Amino acid sequence: MLLTAGIGVSFVVARAIEHLRFKADAYYYDLDAVPAADGFGMLVAAIYGLCLTLLVLAIHSGDLWSSPGKTLALLFATMCLFNWGLELIAALVVNGRLQTPIDPGAVDRRGYILGIWYRNFAAEVGYVASIPVLLWVIRKSKRQGFTWRLAWLGFLLFAFLIVGYVHFGVRDYVHPPLSHWYFELAIGIPIVLLIVATANAFIRRRPVDWWTALTVTPIAFVWCLGMAMKLLA
């Protein structure tokens, strides 16, 4: 019941942020109404809600680093909080700025926050902010098996790949066909490593607790579904 409630709340929050941002979107993208809920976006929101709820339960149970599933819930819950928090800040800042009209002929910079377009603000700031968290997780998870720690390193590599792409001109060296799949392939690195770590645990007949099963399985499923949807689009 708690997990279902957490997922439901995540749907509400995700849609609320879209409605809050609509004033800016309507102005800059000439929209007449808030776009309908995106199916895949709602699946991502469900993952966020699941991991946030599991993190709360994991903190209550104690020993956050005893289970890879608890660690994974921590990582995705952190991604969720960064994403929602930064999206909320961007929406509020730009909506506030739109209250003040610009002078005729002046360049409209109201949609930029710290030089970043408001629709990109969460991604461009959030991945940079996640790097210290990932380094902390790698340090704290030393008791976990090698394959799990390799998966956490995979998340750090993913963050560096995205930061390099959006901040350091890596996109200029990526061929257009690969650029189209860049994010999916980058996030696929840690997810494949999660699948490998889980399979390794089963092969070696090591216990896989319900924390791990409840996090790895839906995350891997949503990634595979996203890849399939993009292939078929």
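Is the crossing of α3 and α4 right-handed or left-handed? I opened the model, a predicted one, to check. My note reads: α3 crosses α4 in the right-handed sense.

**Entry: the helix pair**

I looked up the geometry next. Helix α3 covers residues 68–97 and helix α4 covers residues 121–140. Their axes lie 9 Å apart and pack at an angle of about 150°. That makes the two helices, α3 and α4, roughly antiparallel, because angles over 145 degrees count that way.

Then I went through the residues that make the contact. From α3 I jotted down Thr 71, Leu 74, Leu 75, Thr 78 and Phe 82, among others. The α3 list also includes Asn 83, Glu 87 and Ile 89. On the α4 side I found, among others, Phe 121, Ala 122, Val 125, Gly 126 and Ala 129. Ser 130, Val 133 and Trp 136 are also among the α4 residues. Sorted by class, the contact of α3 with α4 has 14 nonpolar, 5 polar and 1 charged residues.

**Entry: the cysteines**

How many disulfides are there? I get 0 disulfides. The cut-off for a disulfide is 2.5 Å between sulfur atoms.

Cys 224 is in no disulfide either, and its nearest cysteine sulfur, that of Cys 51, is 16 Å away.

Cys 224 is partly exposed, with a relative accessible area of 40%.

Conventions. Residues numbered from 1 in each chain as written. Predicted model: local features only at pLDDT ≥ 70, side-chain atom pairs only at ≥ 80, totals over all residues. Heavy atoms only, no water. Axes fitted to C-alpha atoms, helices over the stretch in contact; angles between N-to-C directions. Helix = DSSP H or I, 4+ residues; strand = E, 2+ residues; numbered from the N terminus. Parallel < 35°, antiparallel > 145°, perpendicular 65-115°, else oblique. Left-handed = near helix turned anticlockwise from the far one by under 90°. Contact = heavy atoms within 4.5 Å. Nonpolar A, V, L, I, M, F, W, Y, C, P; charged D, E, K, R; others polar. Buried < 20%, exposed > 50% of the residue type's maximum accessible area, 1.4 Å probe, protein only.
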